[in-house]
Amino acid sequence: MKYEILLFDADNTILDFDKSEEQALRRAFCDMGLEFNQNVLAVYRKNNIFQWELFELGKLTKPQVLVDRFVETFKELNLPLDKVDSVGNLYEEYLKLGFFVVPHAVEVLEQLQANCKLYVVSNGVAEIQNSRMKGSGLEQYFIARFVSEDVGYPKPQIEYFDYCFKHIDGFDKSKTLIIGDSLTSDIQGGVNAGIDTCWFNPKRLKNTKKLTPCYEITDLRQLIEIVR
């Protein structure tokens, strides 16, 4: 095998975060008597992505991200700010129940598990990620999950990867590949850590960053031949 240690991002790489996110937001807004539509979803996603990018750069803490993404969304949509905390708390509870899986993830992980060591590398909230991995049935394929909240540093910081590498038995950089949907988190992180990178890009987004992943795939099944 060309690669024996595979580091998988969770959200929108093996777990369908977009679907889970929309469902959780819809339920949280409806519970609080707030209108939910595609514009609300779009505004929230824009703010959420921006806040997480600040987190990746070390400019915000994770607790700040979890609050500020809703504060900025409510301000932009002229929604009552006194409902921010309630919506945020409900959203996180409903997100724990987002067990949707990316197409072909199960069959690919089953094949790879036979010859590779699989790990999850995630910037998500530990409690939510653990719930979703267990509920989706995907946790059985991974030796361990490295969540930034537990590690103490976020992807793409080198300290995050140093921690991961120290906790992987028989670690070998030349045999390690990171797979993820985020250029700024997963691919930049892999570059920082000196390991090969695979950009999972099913939406065929344009690469607007000054980053060149070693591989780019639009279907997880393409990963099988890369690893071999």
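How do the residues of the lining of the second largest pocket divide into nonpolar, polar and charged? The second legend below has the answer. This is a predicted model, where local features need pLDDT of at least 70, side-chain atom pairs count only at pLDDT 80 or more, and totals for chains, interfaces and linings use all residues. Residues are numbered from 1 along each chain as its sequence is written, and side-chain values use heavy atoms, with hydrogens and water left out.

**View 1. The largest pocket holds about 1300 Å³ of space.** Of its 48 lining residues, D11, N12, I49, D181 and S182 are the closest to its centre. Helix α2 (38-56) is among the elements that give two or more residues to this lining, and α2 gives the most, with six.

**View 2. The second largest pocket has a volume of about 180 Å³.** Its lining includes F55, K62, Y153 and Q157. The elements that give two or more residues here are α3 and α7 (148-151). To answer the opening question, the lining has five nonpolar, five polar and two charged residues.

**View 3. R132 lies in helix α6.**

**View 4. The side chain of R132 makes a polar contact with the side chain of D11, at 2.5 Å.** Polar contacts are pairs of N or O atoms within 3.5 Å, where one must be able to donate a hydrogen and the other to accept it. The R132 side chain makes another with the side chain of Q129, at 2.9 Å.

Technical notes: 1 Å grid on protein atoms, 1.4 Å probe; cavity = no way out; pocket = protein on both sides within 12 Å on 5 of 7 lines; lining within 4 Å. Points joined across faces, edges and corners; volume = space filled by probe spheres on them. Helix = DSSP H or I, 4+ residues; strand = E, 2+ residues; numbered from the N terminus. Nonpolar A, V, L, I, M, F, W, Y, C, P; charged D, E, K, R; others polar.
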